[in-house]
Amino acid sequence: MKKILYILLAFALVITACKKSDSDSAPTNPSILSIVPAVAMANQNVTIKGKRFSATPTENIIKFSGVTAEIVSASESELVVVVPANGSTGNVTITVNGKTSKGPIFTYGASDAAAEFEYITSTYAGSGTSGNTLGPLLEAQFSTLEGVALDESTGDLILADRGNQIIKRIKKNGTEVELVSGIKGSGTVNGTLDVAKFNNPYKVAVDKFGIIYTVDNGGARIRKIDVAANLVSTFAGPAGATVTTGFLDGASTAARFNVPIDAVVDNNGNVYVADANNSAIRKIKPDGTVSTLVGAGPSQNALIDGFWPNVRLNRPSGICIDRDGMLLVADRYNNAIRKINPNTGKTTTIAGTGTAGFKDDEALKATFNQPFGIHADKHNNIYVTELSNSAVRMITPQGSVITIAGNGSVGFAEGKPGVSQFNNPTDVTVDDDGNIFIADMSNNRIRKIVRVPKP
C-alpha cells in the first residue's frame, strides 16, 4: 500500500513540476530582434523591432550603453528612437514595466554606403537665358527660378519662377514647361488662375491633394492655389494689396510674417513656414490660424537647441518633413541643419558646426555655408543646397555629410561632383524614382542629379 502511495505522490510531483515549467517558459520580457540601421551617428533615428514592447512611448526605456534615448513613436513590435548624443558603441537594452532585456550591439559611426555611388548632374529644363518662355523643356526660359517641389499626387514638378511672378509646372514624364497661374508683373491679386498675381513667390509646397501653397515673399503672406477649383486665395498674412510685415500670431489674415521663404505641408494639412527675418518657424492650421513653433522674432538670432521659447534660429530659409514626421530646417546664417519635433517643438542640431565652411565629415563635424534649400527622401537621405558653396550636399541616414554636386565655385557645368557647377542653387526636391531636382536660380535652369553605381 505504501508503495502505491509513494508512486502516486511522485506522479503528482511530476505533474506539478511540469505545469510550473510550462508556466515559467511563457516569455514576459521584451525582446529586441533588430536595429535598423545598426550603424548610425548621434541624433539620427533608428528603428528597433522586436516583441512585447508597449504602444505607449513613455512605458519603454531604451538605453544605448546605459544612456537613455528619446522615443519618437511606439507600437508593440516597433520603436523609432533617436540615437543619444552621449552614448557609445555597445548593447542596446529595453525595459518595459520593470522587465529588462539586452539587445544587439549598436555601433556609433558613419556608413560608407553612399561612397558606392556617383552623382551625375545634367540640365533638365531651361535654356539658361533669362526670359519667360513656356514649351519644350530645354527651350523654356525662366527668370530667377527660386523654388521646386514635387506634387506627390501626380508626380509633377511645381516651379516658382520668382522673377516672372509665375507658378509653372512640368508634368511627370512631360516634355514641356506649362503655366499654372500668374501674370508677369508683381501683385497680390486673388481670383481665378488666369487673373491672379503674385509678389515674389520664393518657394512652393504641395499637399497630398495637389493643392499648392506659394510663399509670397514680397507680399509677406502665404497664398493657396487650388487648381481643381480654379482659385487663388490668401491662406495667411495680410489680405489686401498693402504689404504689412511683422511677427504676430493669430487668425489667418490677422497674422504677420517677415520675409517668409519656404513652406511644407504635413498629412493633416498643417503648413509650416520658414519665416526668415523673424528667425522663426510658424505653423498654420488648416483653418488658417497661425502660431509660432520655435524662434523668438527679429534680432533674436542664435544657435540654441531645446524647447520653445528658448530655441533660437538665424534666418531659416528651407524646411521639409522627413520620413518620421520631423521638421528639418536649413538654418541659413547658423550654417546648420536643425531638426524640430512638430508635436513638442524640441529642436536639435543634426549637422553643421555653426561655422561657415565646406567640409564633408560626420554630420556634427561637417561645415556648410548658407544652406538654403532642404528635402528628405523616402529613405531619409537629406539633400541641402548651399548658396555660398554653390553645392548640393547629402546627409546620409547614418550621419555623414558628402558633396554630391558642385565644386565650391560659381559657374555652369555638368557631370560628376568636383566638375559640376551651379550658380545660386536655391531649392531641391526628389521624385519617387530617386531623381534629384535643383532650382539653379542664377543659371535659370532646373538641374537633375541621378545616382549611378560606381564601376
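Me: Where is Pro309 found?
Reply: Pro309 belongs to the loop between strand E24 (289-295) and E25. Helices (H or I, at least four residues) and strands (E, at least two) are DSSP runs, numbered from the N terminus.

Me: What joins Trp308 and Pro309?
Reply: A cis peptide bond joins Trp308 and Pro309, with omega at about 10 degrees.

Me: How should I read the numbers and values here?
Reply: The model is predicted, so local features need pLDDT of at least 70 and side-chain atom pairs count only at pLDDT 80 or more, while totals for chains, interfaces and linings use all residues. Residues are numbered from 1 along each chain as its sequence is written, and side-chain values use heavy atoms, with hydrogens and water left out.

Me: Where is Arg315, then?
Reply: Arg315 is also placed in the loop between E24 and E25. Phi of Arg315 is near 60 degrees, a positive value in a residue other than glycine. Arg315 counts as partly exposed because its relative accessibility is 31%. Buried means under 20% relative accessible area, exposed over 50%, and partly exposed in between (1.4 Å probe, protein chains only).

Me: And Ser390, is that buried or exposed?
Reply: Ser390 counts as buried because its relative accessibility is 1%. Its phi is near 45 degrees, a positive value in a residue other than glycine. Ser390 lies in the loop between strand E30 (382-386) and strand E31 (391-395).

Me: New topic: how many helices and strands does the chain have?
Reply: The chain has one helix and 35 strands. Its C-alpha atoms fill a box of roughly 110 × 55 × 40 Å along the principal axes. Of the 455 residues, 53% count as buried.

Me: What share of the contacts joins residues at least 24 apart?
Reply: Contact means heavy atoms within 4.5 Å. Among contacts between residues at least 6 apart in sequence, 46% join residues at least 24 apart.

Me: Which residues does UniProt list for the SMP-30/Gluconolactonase/LRE-like region?
Reply: An unreviewed UniProt entry lists this domain at residues 146-403. Over residues 146-403 the chain is 0% helix and 43% strand, and the end C-alpha atoms are 21 Å apart. The UniProt annotation "domain: IPT/TIG", also from an unreviewed entry, covers residues 30-108. There the chain is 0% helix and 62% strand, with end C-alpha atoms 24 Å apart. UniProt positions are given in the numbering used here, feature names are shortened, and annotations may be inferred rather than shown by experiment.

Me: What volume does the largest pocket have?
Reply: The largest pocket has a volume of about 1200 Å³. On a 1 Å grid over the protein atoms alone, a pocket is an open set of points where a 1.4 Å probe fits, with protein on both sides within 12 Å along at least five of seven lines; lining residues have an atom within 4 Å of a point. Grid points are joined across faces, edges and corners, and a volume is the space filled by probe spheres set on the points.

Me: Which residues lie nearest its centre?
Reply: The largest pocket is lined by 49 residues, of which Glu152, Ile321, Asp322, His375 and Ala376 lie nearest its centre. Among the elements that give two or more residues to this lining are strand E12 (145-151), strand E25 (316-321) and strand E29 (371-376). The lining divides into 23 nonpolar, eleven polar and 15 charged residues. Ala, Val, Leu, Ile, Met, Phe, Trp, Tyr, Cys and Pro count as nonpolar, Asp, Glu, Lys and Arg as charged, and the others, Gly among them, as polar.

Me: Is Glu152 buried or exposed?
Reply: Glu152 is exposed, because its relative accessible area is 65%. Glu152 is placed in the loop between E12 and strand E13 (156-161).

Me: Lastly, what does Ala330 touch?
Reply: Leaving out residues up to four places away in sequence, Ala330 touches several residues, including Pro316, Ala336 and Phe372. Ala330 is in strand E26 (residues 327-331), and Ala330 counts as buried because its relative accessible area is 0%. The C-alpha atoms of Ala330 and Val384 are separated by 7.5 Å, although these residues are 54 residues apart along the chain.
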